[in-house]
Amino acid sequence: MANPMARSFLQVAATEEVASPLRVVQIEGLVILKIIKHCKEFSPALVTGQLLGLDVGSVLEVTNCFPFPIREEDEEIEADGANYQLEMMRCLREVNVDNNTVGWYQSTLLGSFQTVELIETFMNYQENIRRCVCIIYDPSRSNQGVLALKALKLSDSFMDLYRNNNFTGEKLREKNLSWVDIFEEIPIKVSNSALISAFMTELEADTPVTQCDYDRLQLSTNPYMERNVEFLIECMDDLSMEQQKFQFYYRNLSRQQAQQQAWIQKRRAENMARKAAGEEPLPEEDPSNPIFKPAPEPSRLDSFLITNQIANYCNQINGFGASEFSALSFCSSSLRLQFEISAFLTQAKHAIDFIIETMKSDNTASGRKMWQDVSDRVQGRKSLEVIGEFSSIRLLGQKLKLFRRGLLA
Amino acid sequence: MVAIEQTVLQFHPSSASLSAKVHPVVIFNICDCYVRRPDQAERVIGTLLGSISPDGTVDIRNSFAVPHNESSDQVALDIDYHHNMLLSHQKVNPKEVIVGWYSTGFGVSAGSALFHEFYSREVSNPVHLTVDTGFNNGEATVKAFVSVNLSLGDRQIAAQFQEIPLDLRMIEAGRVGFDILKTTMVDKLPNDLEGMEASMERLLALIDDVSKYVDDVVERRVAPDNSIGRFISDTIASVPKISPPAFDKLVNDSLQDHLLLLYLSSITRTQLSLAEKLNTAAQIL
């Protein structure tokens with residue numbers, strides 16, 4: 001008796017697999033380091049590379065990557081590029097690296113990556129690979145101490161619209177698509193093999209503060225913010241140009257409609273006159289008349305992309321400004337206290353000098369003995385103790401405590 | 001009477017100060033190749049790429065694995081593969097040249113001498129890097145060697161692997177953040193504010209350490225050290241001497257600029273949503 005639960009092979013093969021939505025991109029530490037190395041070496045030029053990995057359920061694993069050489073605009077180099085890719089994939093397969101392309105990575109300058117080329121590359125990849133992702137790395141932002149890595153994918157509704165190349169207002173309202181829906185950002189998880197995590201734990205430097213802390217706590221970040229704001233201003237100019245295009249289009253459209261109405265009225269009046277005279281009425285439409293030709297509606301794709309870029313810049317300014325703000329306010333309170341401490345120390349030094357002078361000039365026996373004692377200690381290895389004798393370092397400790405409390409406030 | 005010939009074993013020491021620097025990408029690459037090695041192989045061999053600076057320091061920046069075969073009596077290396085990969089890598093970065101080779105495993109084995117000979121035909125004085133993935137000493141050992149020729153009189157007898165100082169520069173890894181690279185799974189990359197919070201906590205810990213030390217010295221729990229005391233006072237005195245009102249003005253100006261930028265970016269975002277509504281909501285009646 002056949003088991004009712006078992007399905008025949010044919011049945012299983014016939015059911016289509018439902019693709020689970022992509023929820024997380026899992027990157028290996030190796031890939032991150034390679035991407036950083038490649039992008040940083042060629043910064044400020046923008047570079048790209050290929051990602052290799054595995055597509056497992058709702059997780060896209062990226063396990064290796066290789067960089068693309070900088071392409072010249074030359075026809076024969078095109079074939080070279082394809083050869084390079086095939087060669088690299090073949091070689092990597094021999095050492096058991098996952099041979100499966102899952103996307104590509106590119107570097108960007110201050111987050112200005114939303115271009116039509118990106119969308120076209122996505123469409124190209126999407127034809128061959130079911131799920132692909134693009135990783136964007138920003139080396140200039142990473143210099144401020146944040147790991148600026150993003151995984152992007154085009155949303156499905158946008159892809160359908162793009163295939164039909166139809167970006168009119170009607171269609172967009174139909175699908176309820178706005179500029180936010182073009183790119184979907186996917187959260188990134190980082191994974192490392194046990195071996196490499198053991199190595200890193202061993203080889204980690206003993207310093208309690210690392211380079212990224214130095215980068216984050218730097219106060220001279222004006223150049224970065226300035227460039228961000230400059231790019232923002234340029235984008236706003238572009239956006240206002242796009243808006244003017246729309247205004248122009250709408251104005252033309254309404255003018256055309258008015259013309260059409262006027263013409264139709266005239267025709268109707270003519271027809272009435274003809275009917276009265278007993279002649280055939282003329283048609284109410286005249287496709288050869290230029291005022292009936294509909295003007296093409298400008299595509300909204302560019303304005304959407306520009307809006308995306310502006311939103312990106314704003315987010316960067318916000319995030320960066322907020323952290324800078326907190327660093328600055330912390331620094332100002334601590335520096336104020338530091339001023340007091342250093343002023344205090346100079347005062348203490350003056351006091352000590354004065355006391356030493358009086359002791360030196362005191363020629364009585366007890367005075368000389370005290371002077372001898374103090375000078376021994378000063379010349380010996382007890383300078384900290386000497387200052388402690390005058391209880392100024394105790395006050396220094398108290399000041400430090402205050403300044404620590406000022407930090408937590 | 002036979003003249004006494006020179007029977008002292010001589011070796012020519014390597015050029016003055018040869019040292020090596022290794023970037024963390026290389027270590028990651030080697031470990032990854034080791035994890036993915038074919039079943040019958042005990043170790044992984046590969047080529048090291050990088051650059052040699054004029055003062056003799058070798059900067060190792062990249063690497064790739066090369067398939068090889070090793071049995072008790074012979075060793076074989078896939079030379080074509082090595083050349084192909086080298087050409088591909090040089091298309092991307094022509095400045096990276098071969099500087100040596102690596103193998104996993106502790107110390108140098110007999111087959112290594114032959115590999116080293118092959119690589120010394122590619123580049124003069126190659127560096128041999130061993131990465132101990134087996135943790136033989138209970139710790140991670142990464143060592144670099146160069147080969148030095150031992151000669152007796154005029155005849156060359158053997159080559160000796162001499163260790164050279166190795167600098168594992170973890171600056172790039174530190175930039176990424178050791179927390180991300182140390183654990184086997186990180187769920188979320190930290191954003192600006194979280195990163196700033198972590199850095200401030202570390203700074204706070206440092207300040208705590210210093211003030212604890214000063215307290216201990218004053219309470220005579222710890223012997224005072226002159227150099228540390230001077231270092232502390234130097235640090236505190238390194239703040240530039242500005243009068244308090246000028247400093248206040250400086251800080252306030254900076255704070256105001258930042259607030260202005262935050263305000264501008266919020267206003268821009270509002271403007272964006274307005275513009276979008278205007279663009280798509282307009283209908284032709």
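A: A:Asn96 is partly exposed, at a relative accessible area of 37%. The cut-offs are under 20% for buried and over 50% for exposed, with partly exposed in between (1.4 Å probe, protein chains only). This is a predicted model, in which local features need pLDDT of at least 70, side-chain atom pairs count only at pLDDT 80 or more, and totals for chains, interfaces and linings use all residues. Residues are numbered from 1 along each chain as its sequence is written, chains are lettered from A and ligands numbered from 1 in the order in which they are written, and side-chain values use heavy atoms, without hydrogens and water.

A:Asn96 sits in the chain A loop between α3 (75-94) and β4 (101-107). Helices (H or I, at least four residues) and strands (E, at least two) are DSSP runs, numbered from the N terminus. The phi of A:Asn96 is positive, near 65°, and the residue is not a glycine. Most residues other than glycine have a negative phi.

β4(A) belongs to an open sheet of 9 strands with mixed pairing. The order is β7(A)-β6(A)-β5(A)-β4(A)-β2(A)-β3(A)-β1(A)-β8(A)-β12(B). Two strands pair if DSSP finds at least two bridges between them. β7 (183-186) of chain A and β12 (185-186) of chain B are the edges; each has a single partner strand, so one side of each lacks a neighbour in the sheet. In chain A, β1 (residues 24-28) and β8 (residues 188-191) run parallel, joined by 4 bridges. There, A:Gln26 stands opposite A:Lys189 of β8(A).
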